[in-house]
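Hello,

Here is the structure I promised to pass on. Please have it open while you read my notes below.

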Amino acid sequence: MKYYSTNNRNETADLKTAVLKGLAPDKGLYMPESIPVLPQTFWDSLPGKSMAEIGFEMLKHFFCPDIPEDRFKAMVADAFNFPVPVVKVNDRISTLELFHGPTLAFKDVGARFLARVMSYFADFGGKPINVLAATSGDTGSAVANGFLGVANVYVHILYPKGLVSRLQELQFTTLGQNITAYEVSGVFDDCQRMVKEAFMDKELNKEKVLTSANSINLARFLPQSVYYVHALSQIPKEEWKNLVVCVPSGNFGDITAGLVAYKMGMPVKRFIAAVNANRVFTDYIETGDYKPQPSKHTLANAMDVGDPSNFARVSELFGGSVEEMRKVVSSKSYSDEQIGKTIAKVAKETGYICDPHGAVGYAALEDGLQAGEKGLFLETAHPAKFVETTEKYAGRKVEIPARLQKFAEGTKQSIGVSADYRNIVGSLR
Ligand SMILES: *Cc1c(COP(=O)(O)O)cnc(C)c1O
C-alpha cells in the first residue's frame, strides 16, 4: 500500500517512510491510497472473534506485505493485549470502554501498535530509532508505556519541570528500560522547541534516526479502526443497522479511524462527533465553513482543540464534500455545565460513572438518537484519570485502579536539563 499526502495526491510514500516521517514533506497527512471493502463473510463471522483476529484481517490490507503476514500477526496480537468491552449503560445506550490499557486511555491502543511497527523497521534498517516526544502530561505516558520494552526503539520524553501532575509524571519517569525522561527547566513550549531543533539539526540526523510518535502518524490512527469493528462482535447482529456510534472528539484521529472502518463496510447507521465547547467541527457541519479557533479550556481537556489536526483526513474520506459528510456524520457541542450535569444524571439514573470525555459522548446520544436507533459511545478514559471532576459531579468516590496506583509506588528517574536540545543529544542511541 502507498500513502498519499492530504495536500497532494501525487505526493506518495511507502509504509516505512510514512511511519518514520509521520508528516508528509508538504506538511499534509498521510492517507492510504485505497480503502478495501471487506466481504460480507468477514462481517458475518465477527461474533466470537478476538480483537487480535479482527485486527489482523482489517489491518493486513494496509501493512502487508511491507511487513510479512506472519510477523504482522504476532505484532497485532501483542499490541491488542487488553480487553475493550461493550458495557450496557441503559436500554438504548452502551459504551465501549477503551480504558483498560496501561495508562487508562484509548491512546494506549495506537501507541502500542505504532511502537511495534517502528520496532520492525528498526530491525531491518540496522540503526536504533530514537522517538522524541514533548509532553504536557498525557501523551508522554501513553507513548512511554506503549513503547516500553520494545526492541530497538528508544523513547525520550521531555516535560516541563513542575508543570505536570505528580501522577502523570510518575507514569513516564518510573519505567526505566528504553524510556528516558528529561525534566526541562522551562515550559511545554520549550520542550516542543527542543524537539523541533533536534529534528532540524542536519549533522545529528545524519548520524542518528530521530522520529516522533505524533498523534498524526498513520500507524497510530489506523489500528483504532479495529475496536469499532470488535465492538460489533459484542452487539447482537440485528442491532447493527440501527446503531449510532458516538465519538468524543478533539484532534479527530479516533473518529477518522471509525470512519475508515465504515468505509471498509462496517454495517452501522451513522456517526456523531461529540465535542466540548471547542466547536469548530460542529460549526463546519452546520455551515460548511471550516474556521479554526484558539482552543478553549474545558473539563474534557483532552479534547481542547481549536483546529483538529485530522480534519483533513475526515474531509478526504468524503471527497472534500460537506454534503457527503453530513449523510454519515453529525456533530454536537457541550458546555462544561452540560458535561457536569451529564455525569451527575448518568450516575444517578444508571449507576455508571462517565469520565468528562465519555459524558460528552453520552449526552450527544441522548439528545441525538432517533426512534428505533441504539447508541454506542466511546469511553476514552477511565473516570479515575479525572477523579476530581468525576467525583464532584457523580457525588461518589471513584476507585483508583491498581495499575494506576502502581505508578505511585515507583521511583522517579529523570534527567534535569536546561531548555537546550543539546543537553539530550548525549543520551540518544
Ligand atoms: C485524545 C483524547 C480524546 C480525543 O481524541 P481525538 O482522536 O484527538 O479526537 C478524547 N478523550 C480522551 C480521554 C483523550 O485522551
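Predicted model: local features only at pLDDT ≥ 70, side-chain atom pairs only at ≥ 80, totals over all residues.

**The ligand and its surroundings**

Residues are numbered from 1 along each chain as its sequence is written, and side-chain values use heavy atoms, with hydrogens and water left out.

- Lys 107: a side-chain N or O atom is 2.5 Å from a ligand oxygen.
- Asn 251: a polar backbone atom is 2.7 Å from a ligand oxygen.
- Gly 253: a polar backbone atom is 3.1 Å from a ligand oxygen.

On its own, the ligand has 380 Å² of accessible area, and the protein covers 94% of it (Shrake-Rupley method, 1.4 Å probe).

**Aromatic rings**

The structure holds 18 aromatic pairs. Rings of Phe, Tyr and Trp (its six-membered ring) pair if their centres lie within 6.5 Å; planes under 30 degrees apart count as stacked, over 60 as edge-to-face and the rest as tilted.

How are the rings of Phe 42 and Trp 43 arranged? Their centres are 4.9 Å apart and their planes are at 80°, so the pair is edge-to-face. Phe 42 is buried, at 5% relative accessible area. Trp 43 is buried too, at 3%. (Buried means under 20% relative accessible area, exposed over 50%, partly exposed in between, with a 1.4 Å probe and protein chains only.)

Tyr 284 and Tyr 290 also pair edge-to-face, 6.4 Å centre to centre with 75° between the planes. Tyr 284 is buried at 6%. Tyr 290 is partly exposed at 24%.

Ring pairs also link a cluster: Phe 56, Phe 63, Phe 72, Phe 80 and Phe 113.

**Charges over rings**

The charged end of Arg 9 sits over the ring of Tyr 4, 4.1 Å from the ring centre. (This needs NZ of Lys or CZ of Arg within 6 Å of the ring centre and within 35 degrees of the ring normal.) Lys 406 has its charged end over the ring of Phe 407, 5.7 Å from the centre.

Best wishes

Technical notes: Polar contact = N/O pair within 3.5 Å; in protein donor to acceptor, adjacent residues only side chain to side chain.
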